[in-house]
Amino acid sequence: MISRRIATTLAAAPLAYAAPTLAQTTPPFTITPVADFDSPWAMTFLPDGRMLVTERAGQLLLVAADGATRRTVATLPVSAAGQGGLMDVVLAPDFARSHRVYLSYSAAGQSGKGVVLARGTLAGAAGAEQLSGVETLYRATPLVDGDGHFSGRIAFSPDGQHLFFTAGERQKFTPAQDKQAALGKVLRLTPDGRPAPGNPLAAQGFLPEVWSYGHRNLLGLAFDRAGRLWEQEMGPKGGDEVNLILPGRNYGWPNASNGTHYDGRDIPDHRAGDGYEAPKVWWNPSISPGGLMIYSGGLFPQWRGDAFIGGLSSKSLLRVHLDGTSAGKGDQWDMGARIREVEQGPDGAIWVLEDGGEKGQGRLLKLTPPA
């Protein structure tokens, strides 16, 4: 099963993993360009090897397994400004039967903008499929002004019973600690987008969908083979994080971070006993983490169980070694372009999407072992 998203245990000494990430100038894999897209954001594989790819302006594309052909199967009503647009795409756990596809995007409302979780059905004759019956399942509240930190990553629990959804704090800081805001949170929903029964913070006055809080801009989310949920998020100036997501925990933003504000103001570092869940891995200076995938394939057996992260400003692909509830920095490979998404292919290849930055033209790359 293809997983998307990552992690290190700071246990007794939360700052012990400030060691620099290893960098390699020659990646130990062959890079094959497959296709070009206009500001792509996410992708996922269909059972037959074809791909669904999202483009920022709102297009959902169905792409041949070799990348040679593509069709637009849906256009979503997105607000494609700043960091907004059409974002994640994930298949339902029962896709083989239901043909349901889950999407996230930013949308405007009367009082501002917010991130939306939607669902549709990929149906039609082979070669002529369209995404039909698209319905809104959830909108993160409150709506606020601005075009940053929507987040919008989607991950299903291994049993398929729960949908985890990330809502960024929209560059507003304090909503991450606000019990009555969905912003700056990991949410646990039913597959129909309702708050899942038994969420840990409802009895403390939080919105019933909240699973964890104190997050900034959550751009990666994935379960490992043992069912642990890993998340990565962008810090401010430095302090990018990989977190092991535990129910009911407070991850500190904006009260604790291993980075600083962009205007130079200090933020207290994570420290033992501060009441906040410390990151397992963190980076300073920033790598600007994009997508997250936990590898389970056979082409790179030495990396099975490890997490892979795209680097945006760092223009890199990063590996994080996972070991139970601990993690540590592994490799950082220079890719020469902003990496927005990382996925595992059906054959165990690693696939990455460049987002193209301001120019918008991003390539789909397939990574395989050297010949």
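Strand 16 covers residues 229-234, and six of its six residues are buried. Helices (H or I, at least four residues) and strands (E, at least two) are DSSP runs numbered from the N terminus.

A word on the model itself: it is predicted, so local features need pLDDT of at least 70 and side-chain atom pairs count only at pLDDT 80 or more, whereas totals for chains, interfaces and linings use all residues. Residues are numbered from 1 along each chain as its sequence is written, and side-chain values use heavy atoms, with hydrogens and water left out.

### Partners of strand 16

Strand 16 runs antiparallel to strand 15, to which six bridges join it (two strands pair if DSSP finds at least two bridges between them). Here G220 has Q232 of strand 16 as its bridge partner. Strand 16 is also antiparallel to strand 17 (residues 240-245), with five bridges joining the two. In that pairing, E231 stands opposite N243 of strand 17.

Elsewhere in the chain, strand 21 (residues 316-323) pairs with strand 22 (residues 326-334) in the antiparallel sense over seven bridges. L318 has Q332 in strand 22 as its bridge partner.

| Hairpin | Residues between the strands | Glycine and phi |
|---|---|---|
| Strand 15 and strand 16 | five residues | G227, near 90 degrees |
| Strand 16 and strand 17 | five residues | G238, near 85 degrees |
| Strand 21 and strand 22 | two residues | G324, near 65 degrees |

### Cavity and pocket

On a 1 Å grid over the protein atoms alone, a cavity is a set of points where a 1.4 Å probe fits but cannot get out, and a pocket is an open set with protein on both sides within 12 Å along at least five of seven lines; lining residues have an atom within 4 Å of a point. Grid points are joined across faces, edges and corners, and a volume is the space filled by probe spheres set on the points.

The largest cavity holds about 60 Å³ of space. Its lining has 13 residues, with R216, E233, E241, W253 and S257 nearest the centre. Five of the lining residues are nonpolar, five polar and three charged (Ala, Val, Leu, Ile, Met, Phe, Trp, Tyr, Cys and Pro count as nonpolar, Asp, Glu, Lys and Arg as charged, and the others, Gly among them, as polar).

The second largest pocket holds about 620 Å³. It is lined by 35 residues, and Q83, N217, M234, R338 and R340 are the closest to its centre. Strand 3 (40-45) and strand 15 (217-223) each contribute at least two residues to this lining. Sorted by class, the pocket lining has eleven nonpolar, 14 polar and ten charged residues.

### The nonpolar core

A nonpolar core is a set of buried Ala, Val, Leu, Ile, Met, Phe, Trp, Tyr and Cys residues joined through side-chain atoms within 4.5 Å. The largest one has 50 residues, and L52, L60, V101, L117 and F165 have the most contacts inside it. Beyond its neighbours within four places in sequence, L117 is in contact with residues including Y102, L103, I154, L163, F165 and L189 (contact means heavy atoms within 4.5 Å).

### Loops worth a look

Two cis peptide bonds can be found in loops. One joins T141 and P142, with omega about 0 degrees, and P142 sits between strand 10 (130-139) and strand 11 (151-156). Another runs from W253 to P254, with omega near 0 degrees, and P254 sits between strand 17 and strand 18 (281-283).

R170 is not a glycine, yet it has a positive phi of about 60 degrees. Its loop lies between strand 12 (163-167) and strand 13 (185-189), and R170 counts as buried because its relative accessibility is 3%. S288, also not a glycine, has a positive phi of about 55 degrees. S288 is in the loop between strand 18 and strand 19 (289-294), and at 13% relative accessibility it counts as buried.

Finally, A80 belongs to the loop between strand 6 (70-75) and strand 7 (86-91). A80 counts as partly exposed because its relative accessibility is 35%. Leaving aside neighbours within four places in sequence, A80 is in contact with R56, A57 and G85.

Notes
Buried means under 20% relative accessible area, exposed over 50%, partly exposed in between (1.4 Å probe, protein chains only).
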